[in-house]
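Work through the following exercises with the sequence and the model in view. Try each task before you read its solution.

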Amino acid sequence: MKLKFKDIVAGIYPAKITDIIEEYGPYGIYLRFHFTVTSGDLKNWVFYGIVKPNTIKQAKFYRWVTIIMGKEPPSGDLDIFQIIGKECSIALEKKTKDGKLYYYVKEVVKDGD
């Protein structure tokens, strides 16, 4: 059997949020957003992006949630799991760590950006 590995082109892909997992690391709590690509050669492939759940407007978390919801999140409590199933576009980037190649969601982008 011959195996051929696919080199994924870094770029923008249509996706939807399929899961959000709360995890803890050396710098405290963070959220792992799972994005499933919805069309093209990578349809049904899952990639993830990590954000700290920081609600200040300059934070990556706030920016991602605003783009995914299509509006600023309400002030006060936000049930983050309400965005599961929402569609968005993701910017994939290729990275190497400890000699291993992987792909991750660098940014959630507005459609047309």
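**Exercise 1.** Find the residue that stands opposite F35 in β3, and then describe how the two strands pair.

*Solution.* Start at F35 and look across to β3, where the residue standing opposite is F47. Next, widen the view to the whole pairing: strand β2, which covers residues 28–37, and β3 pair in the antiparallel sense over six bridges. Here a strand is a DSSP run of E with at least two residues, a helix is a run of H or I with at least four residues, and both are numbered from the N terminus. Two strands are said to pair if DSSP finds at least two bridges between them.

Before going on, note that this is a predicted model, in which local features need pLDDT of at least 70 and side-chain atom pairs count only at pLDDT 80 or more, while totals for chains, interfaces and linings use all residues. Residues are numbered from 1 along each chain as its sequence is written, and side-chain values use heavy atoms, with hydrogens and water left out.

**Exercise 2.** Follow the protein chain along its sequence and work out in which order the strands lie in the sheet.

*Solution.* First, list the elements: the protein chain has one helix and five strands, and along the sequence they follow the pattern β-β-β-α-β-β. Second, place the strands side by side, which gives an open sheet in the order β3-β2-β1-β4-β5 with antiparallel pairing. Third, identify the edges, which are β3 (46–51) and β5 (100–109), since each of these strands pairs on one side only. From one strand to the next, the twist averages 40°, where axes are lines fitted to C-alpha atoms, for helices over the stretch in contact, and angles run from 0 to 180 degrees between N-to-C directions.

**Exercise 3.** Describe the two hairpins, one joining β1 to β2 and the other made by β4 and β5.

*Solution.* Take β1 and β2 to begin with: they run antiparallel and are joined by ten bridges, and the hairpin between them passes through two residues.

**Exercise 4.** Decide how far α1 is enclosed, and name what covers its buried residues.

*Solution.* Begin with the position of helix α1 (residues 60–69), which packs on the sheet and touches β1 (11–25), β2, β3, β4 (87–97) and β5, its direction making about 65° with that of β5; contact means heavy atoms within 4.5 Å. Now count burial, where buried means under 20% relative accessible area, exposed over 50%, and partly exposed in between (1.4 Å probe, protein chains only). Because eight of the ten residues of α1 are buried, the helix is largely enclosed by the rest of the structure. The buried residues of α1 are F61, Y62, W64, V65, T66, I67, I68 and M69, and their cover includes β1, β2, β3, β4 and β5. Just after α1, G70 takes a positive phi of about 80°.
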